[in-house]
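Please read it alongside the sequence and coordinates shown below.

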Amino acid sequence: MLKRFSTRKDKYTDDTDVTPIDPENVPNHVAIIMDGNGRWAKQRGLPRIAGHREGMNVVRKIVRQASRLGLHTLTLYAFSTENWKRPKMEVDFLMKLPDRFLQSELPTLKEENVRVQVMGTLNEIPKHTVDAVQKAVEETKENDGMILNFALNYGSRFEMVEAIKSLYEDVDAGNVKVEDIDENSISDYLMTKDLPDPDLLVRTSGEVRLSNFMLWQLAYAELWFTDVLWPDFTEEHFLEAIRVYQRRTRRYGGV
Ligand code: IPE
Ligand code: IPE
Ligand code: MG
């Protein structure tokens, strides 16, 4: 049984709903803002990094579940361009996590036919982190199962600035005509150029904001917020998010 965390309609947790998931209507791309690790630790009188460590174990479970549900892409927000503002000790710990996660999980990811990708500015992060991530990307690049896309040192506004610069350079060089620029050409300059837009955004921990995450790509995503802190997030919560998604009517501006 799940606890009822909130009475707010937009952030409810329903322990009574056992509607089966419709395999024909699983979101193609789910993006998750994994939030609340610090508060989870604080509640237990532990250092914030204990929350991040526990959060990593949840990543393991949810990745496996997402792959088995048949998602095309799962994007996980692991570190934002704003997270550098945190104490150095915490940042250092966060930078060790991809390394640790992949060391223990890479064999399973390979077995599950998962393809690891990463979006973000890698040249600002420690070499050991980049090496671990690039190894995983390289060793899973032939897999054609779920794409596990880590947003690492990612910020949407920065992504857009870089996209505009590259587009401008291509216009300048005569490769692109200004009058030919459309929505698809903008998408092609983003870090998600080979990925479908997310259908469902999940954010844990009760915060109801996007925090500079995939602002362009989430234009028509369904949003689902829960008060559950990321280290407490379970497969049941994930199923609940998908159930809610399956009950929504997506209209894209139509009727
Ligand atoms: C999310 O948990 C993890 C990262 C941002 C890396 P937080 O560390 O933001 O946890 P809270 O929001 O302080 O509880
Ligand atoms: C967003 O969470 C970033 C990640 C989950 C990696 P934050 O905790 O950094 O966001 P704010 O500060 O609450 O907006
Ligand atoms: Mg937070």
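Which pocket is the space taken by ligand 2? In this predicted model, the space that ligand 2 takes is the largest pocket. The space taken by ligand 1 is likewise the largest pocket. Asp-35 belongs to the surroundings of ligand 2 and is also among the residues that come nearest to ligand 1.

- The shell around ligand 1 holds 13 residues, of which Asp-35, Gly-38, Arg-39, Arg-48 and Arg-86 come nearest.
- Classified by residue type, this shell comprises three nonpolar, five polar and five charged residues.
- Helix 1 (37–43), helix 2 (48–69) and helix 3 (88–111) each contribute at least two residues to the shell of ligand 1; helix 1 gives the most, with three residues.
- The side chain of Arg-39 places an N or O atom 2.7 Å from an oxygen atom of ligand 1.
- For the side chain of Asp-35, the distance from an N or O atom to an oxygen atom of ligand 1 is 2.9 Å.
- Asn-37 takes part through its backbone, with a polar atom 3.1 Å from an oxygen atom of ligand 1.
- Ligand 1 exposes 380 Å² when taken alone, and the protein buries 86% of that area.

**Ligand 2: shell and contacts**

- The residues surrounding ligand 2 are Ile-33, Met-34, Asp-35, Tyr-77, Ala-78, Phe-79, Asn-83, Arg-86, Arg-203, Arg-209 and Ser-211.
- By class, five of the shell residues of ligand 2 are nonpolar, two are polar and four are charged.
- Strand 2 (residues 73–80) gives the most to the shell around ligand 2, namely three residues.
- An N or O atom in the side chain of Asp-35 lies 3.2 Å from an oxygen atom of ligand 2.
- Arg-86 has a polar side-chain atom 3.3 Å from an oxygen atom of ligand 2, and the side chain of Arg-203 has an N or O atom 3.3 Å from an oxygen atom of ligand 2.
- Ligand 2 has 390 Å² of accessible area on its own, of which the protein covers 77%.

**Asp-35: position and annotation**

- Asp-35 is located in the loop between strand 1 (29–33) and helix 1.
- An unreviewed UniProt entry places the feature "binding site" at Asp-35 and Glu-222.
- From this annotated set, the lining of the largest pocket takes in Asp-35.
- The side chain of Asp-35 has an N or O atom 2.9 Å from an oxygen atom of ligand 1 and an N or O atom 3.2 Å from an oxygen atom of ligand 2.

Notes:
Residues are numbered from 1 along each chain as its sequence is written. Chains are lettered from A and ligands numbered from 1 in the order in which they are written. This is a predicted model: local features need pLDDT of at least 70, side-chain atom pairs count only at pLDDT 80 or more; totals for chains, interfaces and linings use all residues. Side-chain values use heavy atoms; hydrogens and water are left out. A residue is near a molecule or strand if one of its heavy atoms lies within 4 Å of it. A polar contact is a pair of N or O atoms within 3.5 Å; within protein, one must be able to donate a hydrogen and the other to accept it, and residues adjacent in sequence count only if both atoms are side-chain atoms. Accessible areas come from the Shrake-Rupley method with a 1.4 Å probe; for residues, only the protein chains shown count as cover. On a 1 Å grid over the protein atoms alone, a cavity is a set of points where a 1.4 Å probe fits but cannot get out, and a pocket is an open set with protein on both sides within 12 Å along at least five of seven lines; lining residues have an atom within 4 Å of a point. A molecule sits in a cavity or pocket if more than half of its atoms lie within 2 Å of its grid points. Helices (H or I, at least four residues) and strands (E, at least two) are DSSP runs, numbered from the N terminus. Ala, Val, Leu, Ile, Met, Phe, Trp, Tyr, Cys and Pro count as nonpolar, Asp, Glu, Lys and Arg as charged, and the others, Gly among them, as polar. UniProt positions are given in the numbering used here, feature names are shortened, and annotations may be inferred rather than shown by experiment.
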